[in-house]
Amino acid sequence: MSDAQSAHNDFSRPKTRSLVSPLNRRRLANFRSNKRGFWSLWIFLFLFVISLFAEFIANDKPLLVQFRGDVYMPIFESYPETVFGGDFETETEYRDLYVQELIEANGWIVWPLIPYSYDTINYDLPVPAPAPPSSENWLGTDDQARDVVARLLYGFRLSVLFGLILAIVSSILGVIAGAVQGYAGGVTDLIFQRFIEVWSGLPTLFLLIILASIVEPSFILLLGLMLLFSWTALVGVVRAEFLRARNFDYVRAARALGVSNISIMYRHLLPNAMVATLTFLPFILNGSVTTLTALDFLGFGLPPGSPSLGELLSQGKANLQAPWLGFSGFAVLAVMLSLLIFIGEAVRDAFDPRKTLQ
Amino acid sequence: MSRPPYLRVENLSVTFHAEPDPIEAVRRISFQVNEGETLAIVGESGCGKSVTALSIMQLLPYPKAFHPHGSIELEGEQILGADDRRLRELRGNSISMIFQEPMTSLNPLHTVEKQVSEVLSLHKGFNRSTASRRTLELLRLVGLQEAESRLQAWPHQLSGGQRQRVMIAMALANEPKLLIADEPTTALDVTVQAQILDLLHELQERLGMAMLLITHDLGVVRKMADRVCVMHEGVIVEDNDKKSIFSHPEHEYTRHLLEAEPTDRNITPCPTAPIVLSAQKISVHFPIQKGVLRRTVDHVRAVNEIDIELREAHTLGIVGESGSGKTTLGLALLRLLKSKGKIRFGESDIQGFGFRDMRPLRRQLQIVFQDPFSSLNPRLSVGQIIEEGLLVHRLGGRRDNRRHMISSILEEVGIEPSWQDRYPHEFSGGQRQRIAIARAMILKPRCVVLDEPTSALDRSVQAQIVDLLRDLQRRHNLSYLFISHDLRVVRAMCDSIIVMRNGKVVEYGQTHQIFEYPRSEYTRALIAAAFELETVEVFP
């Protein structure tokens, strides 16, 4: 009865399967229908892509130099000053007025939009650093006379990259650990659980501070240290998902077919856990960015001189007479974190089974 | 009929807002329930019978659901569209409802007493001690044993039947004039089902309630109803008294429902066929752990020293109530659960075989599960689901060839082959079960364990699946191990039967022998409960 009728009678469906399953197509539609999240994603992607090309936007080296008929690209290659008729064998200081005159006598220079890199010190400030916003430094300079816009641009990129790498790597580790725990169950699960409880009980921030005082922190080292403690974030949800799903009938059916454990985990269980993972990912990303900022703010983060939002904030705190430091740092952080939260919200709603599995 | 009906529903429609088109779940139905009368609404799943029940209580997800037209009158009062306060007064007071699933309709965080007395204090304004006394009375009324000590029990400490009794006590707390019972016994075992139905019948007579019984089970209707409405696709197709419905069904659909009983088995396989699967003294014990150190103090003997023997082209039925260990036995025989004892499959002694040794045998030893909604991975297309077995056993060669094989197996189980690129949610329950059967059959097994393959399906679909399974068996010389609690289906499918209770064999014999001359008390009780819905006291 219902057997013969209830499926729709379209025989015209093409035989080839589209890459996106109907479930995912509905999720995508759900995500799109959340305008705030959808636009946040585009704005965030736009900002991120822009910041990936920070070297072409804010740099103390010209994009293009034409000198005596030859074209040079100082962004990609370093040329000694002697090339342009200077005296030194070292790399050309393009910001030096003397060098600029030398080049412009026999050619021309194309500068990036912002002629400062994150570590360029502006030596001819009319006022003592930190200098207020001006036509030369749009958001002023910090207390070491470095351009704030350039530092924000590089700082944004660094924060997002750090957050992304940390979030992705710790998610992968977390998913693997959770999967093994949930699928194996029993003693493996018990021991692993206790270990994770002890491990996540360690005071992360203090450990990082102690370690940072022993070894010079670098990007990679900091990433590694934080990874040590952040991989546990997803273990709980993934484990629960695997534990729940491992006795599902379709998993049992796969075992009855003789499918190996690894392929059962990959084919039948992982997609269940991916929902939880993808839902958490933007929030983990947010958490990573905030942790990095906090460490930088306290001065235990990235090595001195690196463009960092946390360091800008601490400068703002130290120089209350220069509010542009604190405000611009705050604005960038607030926008970045809000965008990520909006995206995260939209992703979570898109995966909401009440909306997708009607 | 001189007195006006207690409940009169006229021209009621229920529509759900949905993309792209609104769904008309119920279309212009009219019926009435007189005082002290039982009206049964019968139909298959998805026909709109539960929606009808919920719309009387106005518990549908408004505003997603709405009523384009219609009226619901309770004692002459229009209650459709009444305001929330009036509805709250009515609900639980004049109209009460019992739901299908006793596992989820009680709040797991409240004791029995609290849940029942909540209704009393809400509607009657009873204080604690009066409410408590009345609760005890009610629990005794619904026949909950040791009612005093159950007052402080939590829902998880009660069995399904006991929970349903508590639910009924809650529904009766304010002596409603109308009780709506939405599939009150579907989730219960046959013997418990008979008890609950008896209880409802008795209470109805004693309290003079009207009852609206929603069910798909014609056996329940036959036992309980005074009048019957048959619903099909949102429309009441026939409304008549019970006798006429069963003796002269007028509508074609009613006849179809009545004829949907599986027919008896008519082939007798060769009694000396080779033994395919056998087990000696097979046991599955789950440890009970207690104390801080989780010492194993005892074992739950889910399956206790059972011998079975399944011959080629035979069907062996395993019958029992839930918790009797029949599914555990099936899983143990397939080596999906650890067990003790000897298991022989064909020529080899498979107990103790590792994953690698088992793998080639898995092809010949397949399983079909009860719930076709959970046994198919919703993320894979039907083709991928069926293909998985071929890939694991490296059968079927190239992709086109595999597709071809999938097409032919789908055709064999009665599914349009071109639907193999669709996903499980696009299919109905019966079709999904066919797909699950196709997944097992494509490997050309010798023996298939069928774990309640028809229990989650509507009666008429059940008969089709039984026919399909018998057809496949005849064509491929299959042996079935048929696990079920539904004795009707078992009688239609099996050559011999094992009756299980608490992990032990109660009775073992040929099907006709068991049904005609049951030797044990328990088997007799099961048969009485299943076919006549009579309660027979059995002592463990």
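1. B:Ile56 counts as buried because it has 21 C-beta neighbours inside 10 Å; the term requires 20 or more other C-beta atoms within 10 Å, with C-beta atoms placed from the backbone, whereas 12 or fewer means exposed and values in between partly exposed. B:Ile56 belongs to helix 1 of chain B, residues 49-57. Helices (H or I, at least four residues) and strands (E, at least two) are DSSP runs numbered from the N terminus.

2. The model is predicted: local features need pLDDT of at least 70 and side-chain atom pairs pLDDT 80 or more, while totals for chains, interfaces and linings use all residues. Residues are numbered from 1 along each chain as its sequence is written, and chains are lettered from A and ligands numbered from 1 in the order in which they are written.

3. Setting aside neighbours within four places in sequence, B:Ile56 is in contact with B:Ile72, B:Ile95 and B:Ile180. Contact means that C-beta atoms, placed from the backbone, lie within 7 Å. B:Arg344, by comparison, is 288 residues from B:Ile56 in sequence and 57 Å away in space, C-alpha to C-alpha.

4. Chain B has an open sheet of six strands in the order 7-8-9-3-10-11, with mixed pairing; strands pair if DSSP finds at least two bridges between them. Strand 7 (95-98) and strand 11 (235-241) of chain B are at the edges with a single partner strand each, so one side of each has no neighbour in the sheet.

5. Within chain B, strand 3 (residues 38-42) and strand 9 (residues 210-215) run parallel and are joined by five bridges. B:Ala40 has B:Leu213 of strand 9 of chain B as its bridge partner.

6. Between chains A and B, the contact takes 25 residues from chain A and 36 residues from chain B. On the side of chain A that touches chain B, helix 11 of chain A gives the largest share, eight residues.

7. In chain A, the axes of helix 11 and helix 12 come within 10 Å and cross at roughly 155 degrees; axes are lines fitted to C-alpha atoms, for helices over the stretch in contact, and angles run from 0 to 180 degrees between N-to-C directions. Helix 11 of chain A is therefore roughly antiparallel to helix 12 of chain A, a term for angles over 145 degrees, against under 35 for roughly parallel, 65 to 115 for roughly perpendicular and oblique for the rest. Residues making this contact include A:Tyr250 and A:Val251 of helix 11 of chain A and A:Ile264 of helix 12 of chain A.

Conventions:
Contact = placed C-beta atoms within 7 Å.
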